[in-house]
Amino acid sequence: MKALRNFLDKVKPSFEEGGKLAMFRSVFEGFESFLFVPDTTAKRGAHIHDCIDSKRVMSMVVIALMPALLFGIYNVGYQHFLVTGQEMEFGSIVAYGLACVLPKIVVSYVVGLGIEFIVAQWKKEEIQEGFLVSGLLIPLIVPANCPLWMLAVATAFAVIFAKEVFGGTGMNIFNVALITRAFLFFAYPTAMSGESVWIGTEGIFGIGGASNVIDSFTGATPLGQVGVAQGVVTPIITNAVGAEISTMDMFIGLIPGSIGETSKIAILIGAVILLFTGIASWKTMISVFVGGALTALLFNQIGTTPIMNLPWYDHILLGGFSFGAVFMATDPVTSARTECGKYVFGFLIGMFAIIIRVLNPGYPEGMMLSILLMNLFAPLIDHFFVQANINRRLKRVKK
Amino acid sequence: MAEVIRIKRGLDIKLKGKSEEVFGKSEPATLFSVRPDDFQGIKPKVIVKDGDAVKAGSVLFYDKANPEMKFVSPVSGTILAVNRGDKRKVLDIRIQSDGKFESESFQKVNPSSMTSEKVKELLLSSGFWPFIKQRPYDIVANPNEKPKAIFISGFDTAPLAPDYDFVIQGKKEEFQLGVDALAKLTNGKIHIGVNVESASKIYKSLTGVEIHEFDGPHPTGNVGVQIHHIDPINKGESVWTINPQDVVTIGTAMKKGSYDFSKVIVLDGSSVKHPAYYRTVYGAQISNIVKGNVVETTPLRYISGNPLSGRHISADGFLGAYDTQICVIPEGNTSEFLGWIMPRFKKFSVNHTYFSWLMGSNKEYALDTNLNGGERAFIMSNEYHKVFPMDILPEFLIKAILAKDIDKMEQLGIYEVAPEDFALCEFVCTSKIETQRIVREGLDYIRKELA
């Protein structure tokens, strides 16, 4: 450690103003503060500080995302070998999954962090850690077949127009990862929905391959299947090769869907980490589930289309509902910041997600749009609770 | 007595180096410094010059806006220097003590039999007035106003703070005289907040005051929190506050008929070898008590006041006018390898990503002055709320101050707060935002704009 520290101290001057490598100052500082917590001391105000910092917070969220990521990698491989009818082998499943998912992570981080470094250099600011989380969320909420160039374009769009133009981490109105997905969804709808995007059928880097895709293969997600079904009764949901998907399967997560969203077990582990460490607000998280479940129950009472009849627990287990509730709705920057506001914010996200799912004929998933919509309304929700506080103070005067 | 006011939100930070109830021995200080900056909201006009002989109680400077408000020397001796900075701003007035503690004459009085005007005149001309602060703005009280009440916090919950019960013991008579004088300054009541867990014998034996019992973690001992729960400040109102020891100082002068600015302070912190209480005078140089009494293996931070809201001074610095504590802790000017992911068992955090919340509430920590991170925009929410036991939205108030939105500041309750109330917010802040500085600037800004 000492040697590394000495090396950093030695090369530091060339990165400072006027040094040979001054154009990489932000990159150097980013890595330096990553390796060593800076020796900055409190100059005024409180002399002692809690040892929490934004790096710690962000890295905890990354850790909480790990189960979903690992399961996602496995599931991508599993779905591939399911439809190609090849023999299932743990090693090759993971290899295929890695070959599919790792490049997405790399692209997301390189593009996003690249822009962050440039902006930090330009504004002469420290690198901010927010993208550590966004950069991992992005690959987890796209379909397995999402082309890398699309991902790169969408990530660049989101980081620049949803974050940097507002002033960087902490200043953004919308969740950056969801803007990436929304951009993909509206710019390249064919690559983001339908039956063919969820399961990889072609080999990647020579791993796997489509030698014999089985005939009855259908790649639609469970929600997609319910969404297009005719009649009144909820159809039997099947997996890619036609076997029935039970509620337990939805919970375990070996089903088609975006990379990180399928396993509720993995998401539950993440949720426990986030709630245990207090990083995510339990108020927001619980409210999303309550809002979603109640709305689904209400639609069950109406019950005129197949998706209206989908039970509330299936609604919560399917699609991106849980993933969004745990990792997206709880983003402290874009959610409501008053304590009571969090209940309202979460409840409305759950409610709108189900409303969009049920009443929208073309698009069976509602979580993304619901969270983005409520991101926009979070300041309004806060406004009412702040106003209530102000009114209490005014009332005190009159008394 | 009303029922106990229980406060839930807050945080007790247990630091190493707490003092027992013992007095340390030291030579009396010989160098003293009176800093006009200690007294917020005044413009000093200095009337002494280098070489002048002064006694305890001799006028050093007065406030330009209220020329009758005098600021006096705490000791007798000679003026060593009037130090000035940019634009001839007075930094401090150095006084070399002659060790005799001679006093200007002061009449023995009984405040109960005086008129309100006479008491006010006496306190202003004798230099005791500046110990009385007012809210809004957290400045020296404006003598042209009559406050709706006067508040005294009878205990201090800040980390390593002195035990006021111990500090004022045996001063009942003086305290009562001080309270009698203060009672003449307001038409309202004098409220004293006491800790439900301590005996507070002196406070409870006073007449003419209203006692309120409090229970809870820091910042329950902050007078701002107590005001908020007893009789909150509304727009257009003002309340005054004063420290118990300064009440005693006023009472002592009235009883003895001479100036005696001595008070008891505590020297503590993890870098102090033998933490103890000392009897000294405000403005005294601290080197007499800290020299040889600190562990100098690392660079040290000397603080006049508590570690959350005190002022950074040097090893030969001076005790601030309102302070009752000198705290010495290690500087944290070292970089820590991958610190943000380490378990950090020796560091303290309220955040559950670390383990200090599992270590029990009695484990003591030796914290240094490292920021433990870089400054960021607001990211986490609900951090401030948990350590801010008032019905005020701290984050929104801070944002209103940053936006210089006077209407919003007023509506969100800026008149009720002082920077010290935000000290814990600053401690817990993930984004390392300097909330105390922001609040101070906000208070100064709004006072200037509304003047």
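What follows is a short chat about a predicted model with chains A and B.

Visitor: What should I know about the model before I start?
Guide: It is predicted, so local features need pLDDT of at least 70 and side-chain atom pairs count only at pLDDT 80 or more, while totals for chains, interfaces and linings use all residues. Residues are numbered from 1 along each chain as its sequence is written, and chains are lettered from A and ligands numbered from 1 in the order in which they are written.

Visitor: What is the secondary structure of chain A?
Guide: Chain A has 16 helices and 1 strand. Helices (H or I, at least four residues) and strands (E, at least two) are DSSP runs, numbered from the N terminus.

Visitor: What is the radius of gyration of chain A?
Guide: For chain A the value is 23 Å, close to the 21 Å from the globule rule for 399 residues, so chain A is as compact as a globular protein of that length. The radius is taken over C-alpha atoms, and the rule is 2.2 Å times the number of residues to the power 0.38.

Visitor: How many of the residues of chain A count as buried?
Guide: 52% of the 399 residues. Buried means that 20 or more other C-beta atoms, placed from the backbone, lie within 10 Å of the residue's own.

Visitor: On to chain B. Which domains is it divided into?
Guide: Domain 1 (5–23 + 107–256), domain 2 (31–97) and domain 3 (371–451). The bounds come from an automatic or database domain assignment.

Visitor: What is the strand order in the open sheet of chain B?
Guide: The 7 strands run E1-E13-E12-E11-E14-E9-E10, with mixed pairing. Strands E1 (5–6) and E10 (139–140) of chain B are the edges, each pairing on one side only. Two strands pair if DSSP finds at least two bridges between them.

Visitor: How do E11 and E14 of chain B run, parallel or antiparallel?
Guide: Parallel, with 2 bridges joining E11 (residues 150–153) to E14 (residues 239–241) of chain B. B:Phe151 stands opposite B:Thr241 there.

Visitor: How many residues does each chain give to the contact?
Guide: Chain B gives 62 residues and chain A gives 49. Contact means C-beta atoms, placed from the backbone, within 7 Å.

Visitor: Which element gives the largest share on the side of chain B?
Guide: H10(B), with 4 residues.

Visitor: Which strands pair across the two chains?
Guide: Strand E1 (residues 36–37) of chain A and E20(B) pair in the antiparallel sense over 2 bridges. In that pairing A:Val37 stands opposite B:Glu336.

Methods: Buried ≥ 20, exposed ≤ 12 C-beta atoms within 10 Å, placed from the backbone. Contact = placed C-beta atoms within 7 Å.
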